[in-house]
Amino acid sequence: MGETDTTVAAAPLREALPVGQRPWWRDAVVYQVYIRSFADANGDGTGDIEGVREHLPYLAALGVDALWFNPWYPSPLADSGYDISDYRSIDPAFGTLWEAERLITEAHELGIRTIVDIVPNHISSAHPWFTQALAAPAGSPERGLFWFRDGTGEHGEAPPNAWQSIFGGSAWTQVEDGQWYLHLFAPEQPDLNWERPEVWAEHEDILRFWFERGVAGVRIDSAALLVKDPELSEEPAEPGAGEHPFTDRDELHEIYRRWRAIADSYEEPRVLVGEVWLPDAERFARYLRPDELHTAFNFDFLACPWEPGPMRVSIKSALEAHAPVDAPATWVLSNHDVTRPVTRYGRVETGFSFEAKREGTPTDLALGRRRARAAALLAMALPGSMYVYQGEELGLPEAENIPPARRQDPMWLRSGGVDPGRDGCRVPLPWSGTQTPFGFSPNPAAQPWLDQPADWAPLSVEAQIDDPESMLSLYRTGLSIRRQAPWGEHDELKWLDYGDPVIAFARGDRFVCIVNFGTEPIELPEGAEVLVASTLLDGNTVAQDTTVWFFQAETHTPPEAETNPPLQAETL
């Protein structure tokens, strides 16, 4: 097979454009659709494309700019659809390719773009490439598309190295002829070998396939894991920059430069969004250089505890890391992998980590809901794009105490039940009614693929939509004001000093956002014109765990905080 040139020259840094001239994605509100749990139109207990299409008016009224779909491709569901067997089709449980194309078109007519997931690190063990590899001998081109290796030990009975799966246990599985193959996730998700030009060409064709069907962009799953050390070296205790054997290797950037060239070749350039979990801000920013990805998820903000110090640092560091490459920051409070904010913020430990996640942790849902409301308005006020995970706008808590027989997530299965897994944030949405399935399915007898808590009736869309104090009304109001850009053409953020327990900043000439984390209430400045508050105000008093947006009086001079010097482009 012929070699493919995989080198694309890096582009120079670009100058920032004024807000009014910038592409849509820089300030977009993107709504994450976990399609299996959004809405079931055909009554089989599983969400589907038609269910999303029927609720497009709801999404338009919410005020979102784009929909990001978790994988909707054919899959054996070893990892909730992230084990893909065919990238150019739709899982029959969700609908058809024609229905997907109709959804993309009708959403666009409502001003809503579509982003789809791609998973380039691995495919399903049911994919034709892998079944052919299993049937082929060791050393064959078919096996070369993956990481097949001989084992260690006297008879090859041990894995090639000690790499561990992200889901727990060894990252290697042995096949009948004695060889082992690599899977950083479940055994049903064999990792692809990105040293092979066929892998490059296949994924570039997949991009074009969806771009030509009207998709506005792709979200890249596990974007920092594709390239492996060909020597399969062991993980060092403290790897240097670019030295980890399978995370954030420098060769990755050539892949994304090629993808960016494809995305930019369309009349309306397509968008590349990366799932990049990296603690190093400078390494993270490299993925956002002008000729690579457009945006990447801000996981530090998502996992940050509800405390003023860490939250302020998270916001500052994100803005400073993105500034040298003129990329917009992204603000994410939840997704299909993490504990829902209403539950997380109602605990003693309000941050998130997979290692610390345990079921049965004491939770004050009333406190969590108050904080989640405040966090939502904080995120909406920050410069950049925002992601809203379905059900977040309803204030859904994590569904806990799921019976073992009903659990689906391999993280729970492979941990022996120690890790509660991610099923609790993936439970089907409540739309209407007082009993399960709460309008999720038109068939009351159809059991949803995951059970809904019986007490979710007050959280349904129907119950909240006309309640001005509901979480849904807060999101609709906040997103409506955000779309009007009350900060004008100003993208920069100016920190204000209202004391350590308070996060406060101004944008533009008059817009101010204040978040009070402290036990002592604070007073709004004289002449403040309140736009929205996360909790009802007592006059001009802002209580604990409350966010307020307001216009300051034109004659008022707010107290400015000391600012850190910006990072320089040369540091990249």
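**Close-up views of a predicted model**

**View A. Strand S11 (residues 385-389) is mostly covered, with five of its five residues buried.** Residues are numbered from 1 along each chain as its sequence is written, and the model is a predicted one, in which local features need pLDDT of at least 70, side-chain atom pairs count only at pLDDT 80 or more, and totals for chains, interfaces and linings use all residues. Side-chain values use heavy atoms, with hydrogens and water left out. Buried means under 20% relative accessible area, exposed over 50%, and partly exposed in between (1.4 Å probe, protein chains only). Strands (E, at least two residues) and helices (H or I, at least four) are DSSP runs numbered from the N terminus. On one side of S11 the buried residues are Ser385, Tyr387 and Tyr389, and on the other they are Met386 and Val388.

**View B. S11 pairs with strand S1 (residues 29-33) and with strand S10 (residues 330-332).** Two strands count as paired if DSSP finds at least two bridges between them. S1 and S11 run parallel and are joined by four bridges; Gln32 has Tyr389 of S11 as its bridge partner. S10 and S11 also pair in the parallel sense, over three bridges, and Val332 stands opposite Tyr387 in S11.

**View C. Strand S7 (217-220) has both faces covered.** Gly217 and Arg219 are buried on one side of S7, Val218 and Ile220 on the other. Strand S3 (113-118) runs parallel to S7, with four bridges joining the two. Asp117 stands opposite Arg219 in S7. Strand S8 (271-274) pairs with S7 in the parallel sense, again over four bridges, and the bridge partner of Gly217 in S8 is Val271.

**View D. An open sheet is formed by three strands in the order S4-S6-S5, with antiparallel pairing.** Strand S4 (148-149) and strand S5 (172-174) are at the edges with a single partner strand each, so one side of each has no neighbour in the sheet. S4 runs antiparallel to strand S6 (residues 180-182), and two bridges join them. Opposite Arg149 stands Trp180 in S6.

**View E. Aromatic pairs, counted by ring-centre distance, come to 32.** Rings of Phe, Tyr and Trp (its six-membered ring) pair if their centres lie within 6.5 Å; planes under 30 degrees apart count as stacked, over 60 as edge-to-face and the rest as tilted. The Phe130 and Tyr181 rings have centres 4.9 Å apart and planes at 70°, so this pair is edge-to-face. Phe130 belongs to helix H4 (residues 128-135) and Tyr181 to strand S6, so the pair ties together parts that are 51 residues apart in sequence. Phe130 is buried at 2% relative accessibility, and Tyr181 is buried at 7%. For Phe211 and Tyr266 the ring centres are 5.6 Å apart and the planes at 80°, so this pair is edge-to-face too. Phe211 is in helix H6 (residues 197-211) and Tyr266 is in the loop between helix H7 (252-263) and S8, so placed 55 residues apart. The relative accessible area is 0% for Phe211, which is buried, and 17% for Tyr266, which is buried as well.

**View F. Ring pairs link a cluster of Phe69, Trp72, Tyr73, Tyr87, Phe209 and Trp210.** A charge sits over a ring if NZ of Lys or CZ of Arg is within 6 Å of the ring centre and within 35 degrees of the ring normal. Arg213 lies over the face of Phe209, 3.7 Å from the ring centre. In another part of the view set, Arg507 lies over the face of Trp487 at 3.9 Å from the ring centre.

**View G. Helix H6 is mostly covered, with twelve of its 15 residues buried.** Among the buried residues are Trp200, His203, Leu207 and Phe211. They pack against elements that include helix H3 (97-109), S3, H4 and H7, contact meaning heavy atoms within 4.5 Å.

**View H. The largest nonpolar core has 129 residues.** A nonpolar core is a set of buried Ala, Val, Leu, Ile, Met, Phe, Trp, Tyr and Cys residues joined through side-chain atoms within 4.5 Å. Tyr31, Leu67, Trp72 and Tyr256 have the most contacts inside the largest core. Helix H12 (residues 365-381) gives the most to this core, with nine residues. Another core, of 18 residues, lies apart from it and includes Val30, Trp68, Val271 and Tyr387.
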